[in-house]
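Open the model in your viewer and keep the selection tool at hand. This tour goes stop by stop.

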Amino acid sequence: MSTRLANSGRLIDRSKPVEFKFNGKRFKGYEGDTLASALFANDQMMVGRSFKYHRPRGVVASGAEEPNALFNMGEGGRFEPNQRATTQELFDGLTIRSQNHWPSLEFDIGAVNQLFARWLPAGFYYKMFIHPRPFWKHVYEPFIRQSAGLGQVPQEKDADTYEHFYYFCDVLVVGGGIAGLAAALKEGQAGKKVLLLEQTADFGGRAVVDGVEIDGKSAEAWVQDTLAALNAMPNVTVRNRNMASGVYDHGYVLGYERLTDHLSDKSGPRHRLWRIRAGHIITATGAIERPLSFAGNDIPGVLLAAAVRDYVVNWGVSVGDRTVVVTNNDDAYRTAIILKNAGLAVPAIIDARASGAGPIAAEVEKLGIRVLKGKAIAKVKGKTRVTGVKVCLQAGEGSVIEEIACDCVAMSGGWSPVVHLWSHCGGKLNWDEDLAMFRPDPSRAPTGADGKAFVSTVGSASGYLSTADVLKDAGLEVTTNEVAAAPLEPVWLMPQGAGPKLRMKAWLDYQNDVKVSDVQLAAREGYESVEHTKRYTTLGMATDQGKLSNINGLAILSKSLDASIPNVGTTTFRPPYTPISMGAITGAARDELFQPIHKTPMFDWHDANGADWEPVGHWRRTYAYVRNGETVHDAVNREILNVRENVGTLDASTLGKIIVKGPDAGKFLDMLYTNMMSTLGVGKCRYGLMCNENGFLSDDGVVVRLAEDTWLCHTTTGGADRIHGWMEDWLQCEWWDWKVYTANVTEQFAQIAVAGPKARQLLEKLGGNMDLSKEGFPFMTYVEGKLGEFDARIFRISFSGELSYEVSVPASQGAALWAALQEAGKDLGVMPYGTEAMHILRAEKGFIMIGDETDGTIIPQDLNLQWAISKKKEDYLGKRAQERSFMASPDRWKLVGLETLDGSVIPDGSYVPAPGYNPNGQRNVQGRVTSTYYSPTLKRGIAMGLVKHGPDRMGEVIEFNREDGTMVKAKIVDPVFYDKDGEKQNV
Amino acid sequence: MSNAVSALNGKTATGPVTVQELGLTGMVTLRGDFEDEGFAAAVTQLTGLQIPDVRQFQTDGVKTVLWMSPDELLVVLPYTEVNAFVTAMNDALAGSHYLVANVSDARAIFSVSGEFATEVLGKNAPVDFEASQFVAGMVRRSRVGQVAAAYWKLDDGSFRVVCFRSVAEYVFGLIATSATAGPVGVY
Amino acid sequence: MLLLQCPYCGVNAEETELAAGGEAHLKRATVGDSDEAFEGYLFMRENKKGVHLERWRHAYGCGKWFLAARDTATLEVFGTYPAQTTEPPADVTENIRAKYPDWSWKETA
Amino acid sequence: MRRYSVFAVAREGLRYHTGWERAWRSPQPKKKYDVIIVGAGGHGLATAYYLGKNYGITNVAIIEKGWLGGGNTGRNTTIIRSNYLQDPSAAIYDKALKLYENLSQDLNYNVMFSPRGLIMLAQTHHEVRGYQRTVMANQLQGVATEWVTPEQLKKLVPIINIHGPRYPVMGGLYQKRGGTARHDAVAWGYARACSDMGMDVIQQCEVKGVRTEGGKVVGVLTTKGDIDCDKLGMVVAGHTSVLAEMAGFRLPIESVALQALVSEPIKPCMDVVVMANTVHGYMSQSDKGEMVIGGGTDSFNNYTQRGSFHHIEETVRALVETFPMVSRLKMLRQWGGIVDMTGDRSPILSKTPVDGIFVNCGWGTGGFKAIPGSGWAMAELMAKGHSPLTQEFDMFRFREGKFIDESVAAGVAH
């Protein structure tokens, strides 16, 4: 059984016991434990079920590479699925539940899949469930989905907060093992600004566990001394619990810092995502031990050899009383020694190498451990935990020589450098035959903005495995007490001649249930590329992303194809190194801070007075001011009628305002607008249209000439930045010799439309020094002066067809002016109106709206706006485009007004079918509606639309479709529905 | 102007790092040719300050002239002086090619100060705020979260942050939230 | 996550502070030019796998447009230069040729 | 070819699956083919398949630089829908959807087409009108879509946050027949069927040049030697410009990176595909339980298959806002592909200035869903010289100003 040892455990604090819950049971551990070590301490060997066959699964590893020990963790707003037990630090009150089983971990119905395992090989679903057709959706898929899926679904809103942090350094060192520490020291001493990140809570990596002596002192002491030296350097920053999750182009690295995951106290941000920009990145990410592929290597109690000693040394737990070590290299002998020295039994070391180990063999012999050379495990015995191993010859087919009783198997198939970060931006690898590993090729490093290498590796990440070699790679010559190791012998299958029965039980990918036989099947069926095999078998696609399985699978594949490993190649390494929380990626940008809300100076008034908000770009505009007992629709109708009868105010502050000034400003605006703006008189306003170079309408607005060399251009809401950028683009990149300056002054002003027959009365009530009379202030002009106590510029323009003014004041005065207008207008019946009323008011007048009548495919000619296109100009942006054959075609749909015969409202988006069908069997169409409303003024439905040859078909009745399949009849009419002669706006 | 209020009317979040909207502040955008002697003379005459070097600012404690782009300056001055300043600038530059615009109300201006102000700002902008990199006298235009902002650092180590008025609440919320979340512990 | 130096203000701007603007040095075709020439100007693009001359705006900075020579296959940046030019400057061309000795720009080929 | 069935699997199970034959042959190129298709992605393989199936043209080689299905076919988020606004788009995408519905049976390969339904959220009035317009257009195109209210939507997607503080959900455009399929299986299924018809799928073979005589194509230079052909189909997505340059013409396309990501797998919680275009994100759940997430493209030309992280941030942010539970999931993997964007964001299926060369490209961010329809139409175009499905997707439309612009209804067209 697994248990807590009486002593040892360099990371745990035995004076600080903590309690946690596993599947409802109370367990005890110590501060410093990981969840995995604490589970072992409580003899919880089985920790979950596999993805496909629901096989019992135990902890295999001690770090980020763990494929099995994933849990549903926490409760409520802090619930999270798939938490990895080997990297989760224990804290008091932690609760976990095991995953992927029903009804319980011990008795799982899904385990029935194991009985059918032989009919569920890789890719079985591609070959089955084809008939009958509806069964895939209704029967097979739901079953497969339910049985897959791992963790439970979070139900509540996240209770934690997150943040980001930008950091800049010369050198980023990733990994706080001895290689990383040495590299950071060297760079720090060279005066570089250095950041060192370590993903776990503590430093030193493998060296401190393996008890190596460096220059006569223990690795532990060496690590502490080096850390102290680093901490003393002002130019070096060292952070733990911070994982470099991905390397991106031009030296960008994400650091995933876990701030409260290890604490009972969850206050403050949970994760901080570092966005690091480093001049150079040194990855000292170490190496990961590989499992060996033998039958039953997935039974709980089979672990990586180094993990077994990690549990003893770091956390003082033994995985089993009797551990069989199985290996193809010398390193695993250390496990035997450490176990033996801890008082545990090691019945045998099974070494696949006929020649056995190097000098370390003598040490093992001294301890009385039996070494079986040239042997292999034929099969592991046990169901929910190991009970023994059957031993055979590695060179044979698996005939059992003897059986050894044990409750733990410590396996080692060699080591693979962690090359993920090196590879994220294209660093290439070389296959090292002797060490049987992919090593980074420094001559093919990822290159940065300057075309030079920006990532390098050091230590085990470079493929150096001894402490002395690791430190030498980091630029430090040291002496150690290590003995020379005998060469490893690649072992990809154990025994090498294992038959199909054994291969079907030899796991490569524990979580996704991919076995040696699956990879061989893929190869046999022609899925020869490593990407094909990966995808066909799902090898390496689980939440561990194949950290344990990829190389073993690759080797099996290359053997099956009779190709060399480097010729088969690796799959692509993609970020993140281990999964990072979506919360961290989101950072502070949630709820109110999700996106900026642009608010006008009158926002608070609107909000307090029933505003039904509408996002327009990033702005919030009032759709309608809804009063008690009203629907939104009621409110809109009331607002419209009030503008027609009395006076209304609209917050138009969001309209873009751009100043264009200079000797060439007129010439410039003539190019920008379809109209002539250079001839506009000072003090006058003109409605203008802008097209893009493709000829399509992109914006409209009133242009005002403020002075001889100065114009003020209004744009649509949300259009200001785009149009200002557009102007600057042409001025900087095309006509850079033209003398024009622009300034976006949109937010300098609050703008209020005052519209309705009583508009003038209302403004006059405020007083001031401006002549607002019909004669003194004609239509399409502006005045400047005092409106009451406000500094105002007033434009006499109208989008509603009523007598109308747009009053512009400095934004700081906007709220006060708005309030003053409401107050002064009380007896005139003033009411604010929103965007929907504004839309309908203009539609009643047949005015087009950018975004309704236009959709990016409409040219001014479609909307009968020829009057706004200057005939005198040689050129304007979009002119050439409009000359192309399709644009100049008389068959383009043109704008008309539409009146339903029954007075109803044509549905939004409705089309006008034409007789017949096109060659693709689609109904021919001849038009569509662009704006359609109930007009409270006319008490009927009105609409505008684009109809083929529309203006020539006045009076014709056409039919529009409805969603229910019926049609609505409408007559083609002039689009001006209200006050056709324009008398109202000219009073 | 008694009716005038700034975007957040002086809203303040106090703590180890204090975030304060500075209330009504005069701001004027000035575009012109910095090489032009007349332009440079007008700036100096009306502000008492030289045109700053690239990404620098000049200040006398009351008026500040900031480099915003190769042909744009931002002049920060008391709110009540803006109209007179704009008029004077128009007079001084009459006949030349330039643009002057009062943008006092188009912006919101914040002070961010306190022991880990640099770290707070560093949470929301791709800018190296570390003291040796971002020195007093420097200006940097960038982002704060998802909106545009300009930062400059005063001699006392505090920062000024300017953004558009409409997003003042977002910017305040973001910086104040970052301040409440505490220090990172690297600067 | 590209990093490009703005030639106007010197800031090493990160991609999120910039706005991309497509192929550089396009010659505007307009009234009087053929349909084909106009199509070429508006739509046809080099789309090179390799050296690409392109437009960027320091949008969250000084607001200026500038041009960059960048390798679309490796993301190496050979240089940035002001937009007010009709061809890549000599130093940028030199940097490109250090990597691609035979490189020549379409207009000077 | 031995057919796949439950019986075949049962039989093979008894002998440890040692009797399965190769899904496709791995031949050396012949000297000459009637048709060469460059690009063994979904579109290229489907083109070849329908050339054989519909027109009896089987002397065909499909040449692939890397591994079949290794480009965007194997990198996308597998969404299938046909609720397009413009007639030409709706026609080809709905053709594709109809073919998808029977593809597993047609290919005798389970592509796991899952018509679980797809909803595009309307979160502004403008979007509401745009999608209602699409419903109306779809009705006349014979594409069944419907408008759903927020309440109906919440029932279909329980994990959604209807009352987001920023953009409340105002309804949605629902296509019940939409859904997903297993992307790799589509490529593999077509490859297996092509190989079975005697076509050669030639992998690890890069085209280095295009040979023409008198304005007509005669063959290609490849890393496996020169191969002659009468007709050449270019179906290489992001690398089309490179290939077109070899043949001496330019295209109105630009190659940019599109990214996607998956979460760790969780139990089933969303049995429908949801797209939220206002906030730029979309999400579905795979059969394995991963939440499959996509968003917008980078805006600069790029051939590296790596995108910029800030797009991932924007997408995740949008999805956390729309589905708050996403915040407590973890990102398992992110990746990128190179997509070819045309001037109007619609594809090009067209003859080219070179006689005998046909191009199928420009699918941008939405190509996977079109694969069978695209192959069907391209095969017709190559076999007969014209196809009603491809007519409007001619590359010369840009000269005439005759665009097929889908962005009018939705910001992104995935």
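Two residues are in contact if their C-beta atoms, placed from the backbone, lie within 7 Å. Keep that cut-off in mind for the first stop. Remember too that this is a predicted model.

**Stop 1: where chain C meets chain D**

Show chains C and D. Here 17 residues of chain C are in contact with 19 residues of chain D. Now colour helix 1 (35–42) and strand 4 (51–57) of chain C; these are the elements that give two or more residues to the side of chain C that touches chain D. Helix 1 of chain C gives the most, with three residues. Colour that side by class: six residues are nonpolar, four polar and seven charged.

**Stop 2: the sheet strands of chain D**

Stay on chain D and select strand 11 (residues 225–234). Strand 1 (residues 32–38) of chain D runs parallel to strand 11, joined by six bridges. Find D:Lys32; opposite stands D:Asp228 in strand 11.

Strand 10 runs antiparallel to strand 11, with four bridges. The two strands form a hairpin with two residues between them. D:Thr222 faces D:Gly225 of strand 11 across the pairing.

Then select strand 18 (residues 357–361) of chain D. Three bridges join strand 18 to strand 11, in parallel. Look for D:Gly233, with D:Phe358 of strand 18 opposite.

**Stop 3: helix 14 of chain A**

Move to chain A and select residues 530–537. Is helix 14 enclosed or open? Eight of its eight residues are buried, so helix 14 of chain A is largely enclosed by the rest of the structure. Among the buried residues are A:Val530, A:His532, A:Arg535 and A:Tyr536.

Now show what they pack against. From chain A come strand 32 (514–515), helix 13 (516–524), helix 15 (550–561) and helix 16 (565–568). Step one past the helix: A:Thr538 follows helix 14 of chain A, and has a positive phi, near 70°.

**Stop 4: an exposed loop residue**

Select A:Ser104. This residue is in the loop between strand 8 (94–98) and helix 2 (124–127) of chain A. A:Ser104 counts as exposed because 10 C-beta neighbours lie inside 10 Å, and the limit for exposed is 12 or fewer. Draw a distance to A:Ala378: 31 Å, C-alpha to C-alpha, across 274 residues of sequence.

**Stop 5**

Seven bridges pair strand 38 with strand 39 (residues 697–707) of chain A, and A:Tyr687 stands opposite A:Val702.

**Stop 6: two domains in chain B**

Finish on chain B. The domain assignment gives domain 1 (12–23 + 106–180) and domain 2 (26–104). Eight residues from each domain of chain B take part in the contact. Strand 9 (residues 139–144) of chain B gives the largest share of the domain 1 side, three residues.

Notes:
Residues are numbered from 1 along each chain as its sequence is written. Chains are lettered from A and ligands numbered from 1 in the order in which they are written. This is a predicted model: local features need pLDDT of at least 70, side-chain atom pairs count only at pLDDT 80 or more; totals for chains, interfaces and linings use all residues. Domain bounds come from an automatic or database domain assignment. Ala, Val, Leu, Ile, Met, Phe, Trp, Tyr, Cys and Pro count as nonpolar, Asp, Glu, Lys and Arg as charged, and the others, Gly among them, as polar. A residue is buried if 20 or more other C-beta atoms lie within 10 Å of its own, exposed if 12 or fewer, and partly exposed in between; C-beta atoms are placed from the backbone. Two strands pair if DSSP finds at least two bridges between them.
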